Amino acid sequence: GVNMNYYDQKKWAETLKPLMADWLKTQLSFGGDAARCVCLGSGKNLTYLKQLNHQNGFFKRIDVLDHPRFIMQYRRKKLTEYLEQYVEVLNFNL
C-alpha cells in the first residue's frame, strides 16, 4: 500500500506498540515534561496514543490538535481558526 499509516493494518499497530513505547521512553529520558503531550490527529492516532499511554503511564494529560494534513486537505477554509487553536494549545506568545 502507498501512503499507509501504522494503524491501517491492525497487525502493524500491535507489532509496533513495544517499539513506540521504547521511543517515547527514550524521548522522555532527554528531559521532556511528561505532564502533558500534544497529539497531532484526533482519530486513530489519538486512540492509539491513549492506549499506549494507558498501558505505560507516560503522560498525565494528552491535548489534541487536528493533523495539519487533514486541515489543509479538508478544512482549509477554517485555517485561521485552526492556527488560533494551535497557538492556544502550544501556548505560543506571539
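How many aromatic pairs does the rule give? The count comes to four aromatic pairs, where rings of Phe, Tyr and Trp (its six-membered ring) pair if their centres lie within 6.5 Å, and planes under 30 degrees apart count as stacked, over 60 as edge-to-face and the rest as tilted. The model is predicted, so that local features need pLDDT of at least 70 and side-chain atom pairs pLDDT 80 or more, whereas totals for chains, interfaces and linings use all residues. Residues are numbered from 1 along each chain, and side-chain values use heavy atoms, without hydrogens and water.

The ring centres of F58 and F59 are 6.1 Å apart and the planes meet at 50°, so this pair is tilted. Both F58 and F59 are buried (under 20% relative accessible area, with exposed over 50% and partly exposed in between; 1.4 Å probe, protein chains only). F70 and Y74 also form a tilted pair, because their ring centres lie 5.5 Å apart with planes at 45°. F70 is partly exposed at 26% relative accessibility, as is Y74 at 49%.

The largest pocket holds about 280 Å³ of space. A pocket is an open set of points on a 1 Å grid over the protein atoms alone, where a 1.4 Å probe fits, with protein on both sides within 12 Å along at least five of seven lines; lining residues have an atom within 4 Å of a point. Volume is the space filled by probe spheres set on the points, which are joined across faces, edges and corners. Among the 13 lining residues of the largest pocket, Y7, G41, H67, R69 and F70 are the closest to its centre.
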